[in-house]
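Hi,

Here is the structure I said I would pass on.

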Amino acid sequence: MSVNTHLFARHILYPLFILLSQLAWPAYAQEKTFDFHGEINDADHPTGYREYVENGCWQCHGFQGQGMAGPALAPNPLPYEAFAALVRKPVNVMPAYSPALLSDEQMRRIHQYLQSIPKAPDPDSLPLLSVE
Amino acid sequence: MTNRRDFIKGVAGTVTGVVATAGLSVQQEAVAQQTAAPEKASALPPTHYEANMEKGVIPDGYTEEQAHHYFVQSPGSDFMVDVVKGLGIDYIASNPGSSFRGLQESISVYGGNKKPEFLTCLHEESAAAMAHGYAKIAYKPMGIAVHGTVGLQHAAMAIYNAYCDRVPMMIFAGNHMDANDRRPGAEWSHSALDCIKLVRDFIKWDDIPLSLPHYMESTQRAYKVATTPPMGPVAIVVDGHLQEEDTHGKVPAIPPYVPSTPPHGDMGALIEAAKLLANAENPVILAGRAARTPVGLEHMVALAEALQAPVSGDGRMNFPSNHYLSQGGRALVRQADVILGLENRDLWAQINSMRDLVHRTSSRVARDDVKLISIGSDDLYMLSNYQNFQRFQPVDLDINGDAEASLPFLIEEIKRQMPKARFAKLKDRADKYRESYQKGMEEERIAATLGWNDKPVSLYRLSMELYDVIKDHDWSLVSQKSSAQNLWPMTRHYHHIGGSGGAGIGYELPASVGAALANREHGRFSVAIQPDGDFLFAPGVVWTAAHHQIPLLWVMHNNRAYHQEVMHLQRMASRRQRGNNNQAKIGNVFEDPFINFAKLAEGFGVYSEGPITNPDDLAPALRRAAAIVDSGMPALVDVVCQPA
């Protein structure tokens, strides 16, 4: 590989690949999640997704942290320290997750997953949400 | 020993005597009654055969004794049907049973199967829950016919829901009181000394009539009790012999039914309530089952606007969701200085909060100095065993009476007592709530975007795709409303029907069919967002909808679980610091294999699509299904959804 080819690959193709894969990720990853009681293949999901599902976070907060029975967690999750404090000692009806049930490392990975959830579309961009 | 036939004759003779004192013969009275009955409640003209039988003509080839042995000229159940017609009961939902075979035949043949029409149900629980949903749209009870024993046991859960939800229902329970005439076998196991005992803890009234005059009086009384607030189910035992024995046309006159006026709150107390509300800085209205009718909905708007007070609560369709005074949240209660509760299911839980932790602690949400006013009819009829009356909440002014009936006077009194100096404050309050309403709706729109493209489908996405399909119809949500429908403009009294009342699963599917039946005559488009676990209790009602051509669109909220129980188990496991998601699923999820609701519906003869997992596939599927509903038939779209 010539230097120019290498530079082209490093500075153009690779970033482009990353960008495209990030853009494509939600659809790709979510395609695998609809079978939500099935086995989780880590290769299909971002970091922390396994911990998020296996510890039952999805039950109240949805697979994408969108909330329903519980509050929305993503996008833009709480800073890790606040998030961790609420997981360990919730202020409302959420059950407490002690270190015996959820390690710091697992909690960090869950937070990582929440951080990776892409921003929701602008409501004005969705005609179905323009209800008179 | 007097046999059954002689006993009936004796009763008929007694009736003859009673009626004769009014100056008319029994037959003249009966004819006069038939003539005077409202057109819609009258039976069809008899067939030639029936006319001959009524006249006492003996069929060719039979002696009088043989005819007496083989044939019945005018069975008691015909009269029972006349009484039902006189009450304007349009439907009897039922799974057929021999203990009321006489009544079923009279409905079908003597009554022409119209008003009431016999609705074929595949489970008594379906019949009762259909009646529950129907009443919430039709504002009048449906009848159900059940075996007094095995049928009533099936129906009990749905009757309990209706009781908790303050919904009227007429239960006709077949039984055989006279042991001397019971056939061996089933007729014994289908008889009971007191079959209504099973449900007496959660109905308003019942009786076991021993004669047709007794039946007539008790059925009219039962209807009156059922439809007078607080409403609820009532039961009449229809004895097998009473149904099947010949009256020889000697039946009592059926007096026209006159409904009771609903109980009204005490005038003095309403004046005091108006004073407190008119002078309040931050009045708040918490509505439970406040609006029973379209007029009730109008009164709720008038009340809120007279006070410029926010209205919270959706136990029923109490208030237009697109009105700026439609508000929610604990903050309303926290800042209120006067709170008006209207037919609240659980006022305590709105004034206080309790946390589901190891030690269940509660705290007061409302201000200590808040003035609490309650208007409701629940205290007028309360039974002790089942605890659906919820926790006791002391109030400052407790007004016993139907809230809807009390509203017109309260509104006028508030207007009369409103100090002129308050008018500027009313405008300020209106401005404040207009602003918070707009803010709240914008927050709803943002919440709806979260997970918009998710697979499985988010509830907001499902809800808004569905609304886009039905918005140009005269629609009615015949299922429980969730926050995912917060963006739907719900303005009419039939725009949603509230929940089950008793939280007994298995209500939603049959209730949707009953409500859709009531909507059918108005040409409304009925739609239900149907939970999967609820669907599975008695899915045969899907066939009932197809058989009776009841247009209704079911959109499955299929999260493949009793998901609430998944969350409960996770809570237990977390509290005990053991177990995770996999343990929480044990006993609670529908997997290995998944259940295919589209195929289930197809098997019942209903158009169906799904399971749909890609939200982009929703709109075309919903439109195809809606076209089926527009043609007058039910349809189902199975959608795999996000969990909660």
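I started with helix H18 of chain B (residues 459–470): its twelve residues reach 16 Å from the first C-alpha to the last, close to the 16 Å expected at 1.5 Å a residue (the expected span being 1.5 Å times one less than the number of residues). Helices here are DSSP runs of H or I with at least four residues, strands are E runs of at least two, and both are numbered from the N terminus.

Before I go on, this is a predicted model, where local features need pLDDT of at least 70, side-chain atom pairs count only at pLDDT 80 or more, and totals for chains, interfaces and linings use all residues. Residues are numbered from 1 along each chain as its sequence is written, with chains lettered from A and ligands numbered from 1 in the order in which they are written.

Back to H18(B): eleven of its twelve residues are buried, so the helix is largely enclosed by the rest of the structure. (Buried means 20 or more other C-beta atoms within 10 Å of the residue's own, with C-beta atoms placed from the backbone.) Among the buried ones are Tyr460(B), Arg461(B) and Glu465(B). They pack against several elements of chain B, including helix H17 (423–449) and strand E16 (552–558); contact means C-beta atoms, placed from the backbone, within 7 Å.

The other spot is strand E3(B) (residues 143–147), where five of five residues are buried. E3(B) runs parallel to strand E1(B) (residues 91–94), joined by three bridges, with Ile92(B) partnering Gly143(B). Five bridges also join E3(B) to E4(B) (residues 169–175), again in parallel; pairing takes at least two DSSP bridges. There, Ala145(B) has Phe172(B) as its partner.

Cheers

Methods
Contact = placed C-beta atoms within 7 Å.
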